[in-house]
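Open your viewer and get the selection tool ready. We will walk through this model one stop at a time.

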Amino acid sequence: MDLSGIISISGRPGLYKVIAQGKNNIIVESLIDKKRIPAYASDRISALEDISIYTLDSDKPIADIFTDMFNKQEGKDCLSHKSDIDDLQEYLLEILPDYDEDRVYSSDIKKIFQWYNMLLKYGA
């Protein structure tokens, strides 16, 4: 799964693909509805390829976690982010048995599943 150019913008739903760079902003396209919008320097932007999950020893890049999920699911969708948090945590423990349960919050776990399914559905 290629995560280059895929970003998350805090306060806006979904994931975005970077299309172009302007003088004071970047133009991004929503993976969901393909609408293009500007993202400014004041927006909190996170590149998916730079995000990692805390483990007991170090950090694991989210791209590796997505690859493990893809292999486990044989290229199909996994649990919905709206599933019971206990089910999501159990699944994550199968993929990443040493994730740090004290520093990885429920909201983070839900985002992992939401983003994975979104990337799979919209072909990123």
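**Stop one: a hairpin**

Select Gly11 first: in the hairpin of β1 and β2, with 6 residues between the strands, Gly11 takes a positive phi near 90°. Helices (H or I, at least four residues) and strands (E, at least two) are DSSP runs, numbered from the N terminus. The model is predicted, so to speak of local features pLDDT of at least 70 is needed and side-chain atom pairs count only at pLDDT 80 or more, while totals for chains, interfaces and linings use all residues. Residues are numbered from 1 along each chain as its sequence is written, and side-chain values use heavy atoms, leaving out hydrogens and water.

**Stop two: the sheet**

Now show the strands. An open sheet is formed by 5 strands in the order β4-β3-β2-β1-β5, with antiparallel pairing; two strands pair if DSSP finds at least two bridges between them. At the edges are β4 (36–40) and β5 (45–47), each pairing on one side only.

Next, pick Ile7. Its bridge partner in β5 is Ala47, and in β2 the bridge partner of Ile7 is Tyr16. Between β1 and β5 there are 3 bridges, and 2 bridges join β1 to β2 (residues 16–21).

Move on to β3 (residues 25–30), which is joined to β2 by 5 bridges and runs antiparallel to β2. A hairpin of 3 residues links β2 to β3. Select Lys17 and you will find Glu29 of β3 opposite.

**Stop three: two helices**

Select α2 (residues 85–95) and α3: their axes come within 10 Å and cross at roughly 70°. Axes are lines fitted to C-alpha atoms, for helices over the stretch in contact, and angles run from 0 to 180 degrees between N-to-C directions. That makes α2 roughly perpendicular to α3 (65 to 115 degrees).

To see the contact (heavy atoms within 4.5 Å), show Ile85, Leu88, Gln89, Tyr91 and Leu92 of α2 with Ser106, Ile109, Lys110, Ile112 and Phe113 of α3.

**Stop four: the largest pocket**

Which residues are closest to the centre of the largest pocket? The pocket holds about 480 Å³ of space. Of its 23 lining residues, Ser8, Ile51, Asp108, Lys111 and Trp115 are closest to the centre. A pocket is an open set of points on a 1 Å grid over the protein atoms alone, where a 1.4 Å probe fits, with protein on both sides within 12 Å along at least five of seven lines; lining residues have an atom within 4 Å of a point. The volume is the space filled by probe spheres set on the points, which are joined across faces, edges and corners.

Finish on α3, which gives the most to this lining, with 7 residues.

Definitions and conventions
Parallel < 35°, antiparallel > 145°, perpendicular 65-115°, else oblique.
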